[in-house]
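The following exercises are to be worked with the sequence and the coordinates at hand. Each task is followed by a solution in steps.

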Amino acid sequence: MQRDIFDDEHDAFRDLVRTFLAKEVLPHHADWEKQGQVDREVWLAAGRAGLLGTDVPEEFGGGGTPDFRYNAVALEEITAAGASGLGFPLHNDVVAPYLLRLCTDEQKRRWLPGFCSGEIITAIGMTEPGTGSDLQGIATNAKRDGEDWILNGAKTFITNGILADLVIVVAKTDPDAGARGFSLLVVERGMPGFERGRRLEKVGMKAQDTAELSFTDVRVPAANVLGEVGQGFIYLMQNLAQERLSIALGATAGAAAALQMTLDYTKERKAFGKPVAAFQNTRFELAEMDTEIDVTRAYVDRCLRQHVETELSPADAAKAKWWATDVQRRVVDRCVQLHGGYGYMLEYPIARAFVDSRVQSIYGGTNEIMKEIIGRALVG
């Protein structure tokens, strides 16, 4: 089905992303999977290519185009290429909104040029060892000491955690204020007391560094508070819809890529003297998956358009996230089955897609939490 959400400039940007991936990423991705993280050089290369901070004003080195469709294009191409080690979507889709909306002019001058050049790699610290999707259960805390804050706590499952030069940390700054007791503190590489724990061993996404972070009496200056003290939880709620839309876009692209590689495989692979695709069961499986992906993409594209028009609700973003990731999980599983034994071999892209995609229904808020958000919006 022809998509009508992108124009010629988005298509040209898509070609740019594909060229970048073919030259700078795919030849190295297998090595990055072995070492557990990408090289910093690929971030600098992405900065030179204009793939970082497309919505950041030009005065700070960005693309100056506040159009999330460019983010969507980059994410779709990264996912379709199987380049799961790249932490660009976290950088562009999740962290950028906080910096653009909440930074003071001084903070923008200090951080945004490096953000766009790839010299400053970013992360966000929400999840804790004892707290998953329940953000109000965060225990990491910061206490005022003069003009500074003394930060203590730990975070886990942090994407870009090893390479990050700047981490937005969600911390409790007023234990008695409930949801208004959280603030966002920016911790920078080299601050005493900021330590990175082990690089976490995951089932999939082997090249994407995911880490534990710890903060022991880290002195965070007042100049590194993001936005207003006590408004952190509100800021999170305002930005989570974009994160969930980003996940939905990636899931839909991942499902489509899995189907395409399976279609190609079943046309070539023979069983009982004829292509696997010639069997009626195979055609029914392919037809069902193609339909599911088309229907899902229609809804996700509608959400993307609403987001560009600043009309996307948290509930609709939650619908897109849980539905698209569930579709991806079902599609990839069926595609593995159609590959037979080869579908279980990691040398085949479908096997890597299988292990890489499983986390989609977990991060960004589990799909169970997404349904709770939708349910609350329905019943009040």
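**Exercise 1: Positive phi**

Methionine 205 is placed in the loop between β6 (194-199) and β7 (210-220). The model is a predicted one.

Task: Determine what phi value methionine 205 has, and whether methionine 205 is buried or exposed.

Solution. 
1. The phi of methionine 205 is positive, about 50°, although the residue is not a glycine.
2. Most residues other than glycine have a negative phi.
3. The relative accessibility of methionine 205 is 12%. The cut-off for buried is under 20%, and methionine 205 therefore counts as buried.
4. Phenylalanine 157 also has a positive phi, near 60°. This phenylalanine lies in strand β3 (residues 148-159) and, at 57% relative accessibility, counts as exposed.

**Exercise 2: Salt bridges between elements**

Solution. 
1. The side chains of arginine 18 and glutamate 77 meet at 2.8 Å, N to O.
2. Arginine 18 is partly exposed at 46% relative accessible area, whereas glutamate 77 is buried at 9%.
3. Both residues belong to a salt-bridge network that links Arg3, Arg14, Arg18, Glu76, Glu77 and Asp301.
4. In total, the count of salt bridges comes to 23.

Task: Carry out the analysis for the salt bridge of arginine 110 with glutamate 188, and for that of aspartate 165 with arginine 189.

Solution. 
1. Arginine 110 and glutamate 188 meet through their side chains at 3.3 Å, N to O.
2. Since arginine 110 is in helix α6 (residues 105-117) and glutamate 188 in strand β5 (residues 182-188), this pair ties together parts 78 residues apart in sequence.
3. Arginine 110 is partly exposed, at 29%; glutamate 188, at 22%, is partly exposed.
4. The side chains of aspartate 165 and arginine 189 form a salt bridge at 2.8 Å, N to O.
5. Aspartate 165 lies in the loop between β3 and β4 (166-172) and arginine 189 in the loop between β5 and β6, so the parts tied together are 24 residues apart in sequence.
6. Aspartate 165 is buried, with 14% relative accessible area, while arginine 189 is partly exposed at 40%.

**Exercise 3: Nonpolar cores and a surface patch**

Task: Identify which residues have the most contacts inside the largest nonpolar core, and which helix gives the most residues to this core.

Solution. 
1. The largest nonpolar core has 40 residues, and Phe20, Val42, Leu86 and Phe88 have the most contacts inside it.
2. At least two residues of this core come from each of α1 (8-25), α3 (40-49), α4 (68-80), α7 (232-268), α8 (280-308) and α9.
3. Helix α4 gives the most, with 7 residues.
4. Beyond its neighbours within four places in sequence, phenylalanine 88 has contacts that include Phe20, Val42, Trp43 and Ile78.
5. A second, separate core of 30 residues includes Trp111, Ile124, Ile138 and Phe182.

Task: State which residues make the nonpolar surface patch of about 350 Å².

Solution. 
1. Tyr342, Tyr344 and Met345 make this patch.
2. Tyrosine 342 is in the loop between α9 (314-339) and α10 (349-357).
3. With 36% relative accessibility, tyrosine 342 counts as partly exposed.

Definitions and conventions
Residues are numbered from 1 along each chain as its sequence is written. This is a predicted model: local features need pLDDT of at least 70, side-chain atom pairs count only at pLDDT 80 or more; totals for chains, interfaces and linings use all residues. Side-chain values use heavy atoms; hydrogens and water are left out. Patches are made of residues with over 30% relative accessible area and no salt bridge: like charges are joined within 9 Å, nonpolar side chains (Val, Leu, Ile, Met, Phe, Trp, Tyr) within 5 Å. Accessible areas come from the Shrake-Rupley method with a 1.4 Å probe; for residues, only the protein chains shown count as cover. A salt bridge is a side-chain nitrogen of Lys or Arg within 4 Å of a carboxyl oxygen of Asp or Glu. Helices (H or I, at least four residues) and strands (E, at least two) are DSSP runs, numbered from the N terminus. Buried means under 20% relative accessible area, exposed over 50%, partly exposed in between (1.4 Å probe, protein chains only). A nonpolar core is a set of buried Ala, Val, Leu, Ile, Met, Phe, Trp, Tyr and Cys residues joined through side-chain atoms within 4.5 Å. Contact means heavy atoms within 4.5 Å.
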